[in-house]
Amino acid sequence: NLSNIAVLTLNLLLAGEMEGTVSGILRKQSKPKSQKFVKESEGASTTKVGFGRGKENNAQLVEKDIEKQLTRQGIRRNTDVVELYLANSRYVEIPSLHEYKALHVLWLNANKIYKVDFLKNNYQITELYLQQNMIVSIAGALKHLSCLQILMLHANQLTCSQDTVNELKNMLSLHTLNLFGNPIAQEEWYRLYVIHNVHSLKLLDRQSVTYHEICAARKLFAPQLVRIKDSIKFGRREFNKPHENLKSKQPGKRARTSPVRPHPHSKPVLSPRRNTTPMTFTIFDWETTGREFLHSKARTAPEKLTVSIK
């Protein structure tokens, strides 16, 4: 009996040790897995939150970038900023730049901007680079920029040519414009339409605007103005058509005309007489009038010379 009891106790002890070792092994294998899973989940959550904050703080990133440029160049006042470079930064929205009233050149190319609503008080801009963005329309965004000379809008998503041209047609200083790479550039007569409406252009889509293109655009989009211009005879001689008073009143019969014989005592006629349009030139000397005439206080009328030539 004692031997049987000893054998049973030994079996129980061996079974307990085996269970302990197995449980220990399982615990060792389960702990690193749980820790790794927690770390991965924490990393995923942090990256997700960081991406959200980047979208929300887009305006703050732009402001920090501007501050870095100002400190690098030693500029302390916003009114002294003349040029800003914010290109190749993947900005989606740009905050208002109304503080930089003396801004002349602005670089915003190679971003993800889809609307232009940040230049409401920047009236002195002369060069604006907005190429390689996602801009859909510029209606109501650039009309007030009367000093604008260079505008780069190629490689965007402009779809309405009428809205784009209406925004630019009153700019008298705009001489360089790029619109290629937009859907509007695929429209028929696109180039002539832009040339006809924006009269100050000298370079469109990296090609110079020629006189033949200007004439072709006028004939295509304003034929009535071309007819009126051709009917004005000032500054050039154009002979009138012969009078039609020699036609007979009865239809189907020709009028009989007798040859005109010159008088024996008359002088020889060197050239036939033709009716021409008279031209009048007026010369006015402003140096002799003085300032009194400008303020309508002159005592004597200024001298004026008028010559009529026929």
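**First selection: a salt bridge**

Select aspartate 80, which is partly exposed at 37% relative accessibility; buried means under 20% relative accessible area, exposed over 50%, and partly exposed in between, with a 1.4 Å probe and protein chains only. Aspartate 80 forms a salt bridge with arginine 77, and their closest N and O atoms are 3.1 Å apart. A salt bridge here is a side-chain nitrogen of Lys or Arg within 4 Å of a carboxyl oxygen of Asp or Glu. Arginine 77 counts as exposed, at 53% relative accessibility.

The model is a predicted one, in which local features need pLDDT of at least 70 and side-chain atom pairs count only at pLDDT 80 or more, while totals for chains, interfaces and linings use all residues. Residues are numbered from 1 along each chain as its sequence is written, and side-chain values use heavy atoms, with hydrogens and water left out.

**The other salt bridges**

A search of the whole structure finds three salt bridges. Next, select lysine 115 and aspartate 117, whose closest N and O atoms are 3.7 Å apart in a salt bridge. Lysine 115 is partly exposed at 38%, and aspartate 117 is likewise partly exposed at 39%.

Then select arginine 191 and glutamate 213, whose side chains meet in a salt bridge at 3.1 Å, N to O. This pair links distant parts of the chain, with arginine 191 in helix α4 and glutamate 213 in helix α5 (residues 211-221), 22 residues apart. Helices (H or I, at least four residues) and strands (E, at least two) are DSSP runs, numbered from the N terminus. Is arginine 191 buried or exposed? Arginine 191 counts as buried, at 17% relative accessibility.

**Around α4**

Select tryptophan 189, in the loop between β5 (176-178) and α4 (190-197). Tryptophan 189 has a positive phi of about 60 degrees although it is not a glycine, and it is partly exposed, at 47% relative accessible area. Most residues other than glycine have a negative phi.

A polar atom of the serine 200 side chain lies 2.6 Å from the backbone oxygen of leucine 174. Contacts of serine 200, not counting residues up to four places away in sequence, are Met171, Leu172, Ser173, Leu174 and His175; contact means heavy atoms within 4.5 Å.

Continue to aspartate 205, in the loop between β6 (203-204) and β7 (207-208). Aspartate 205 is a residue other than glycine with a positive phi, near 55 degrees, and it counts as buried at 13% relative accessibility.

**Last selection**

Finish at threonine 126, in the loop between β2 (105-107) and β3, which counts as buried at 16% relative accessibility. Beyond its neighbours within four places in sequence, threonine 126 is in contact with His104, Cys147, Leu148, Gln149 and Ile150.

Methods:
Polar contact = N/O pair within 3.5 Å; in protein donor to acceptor, adjacent residues only side chain to side chain.
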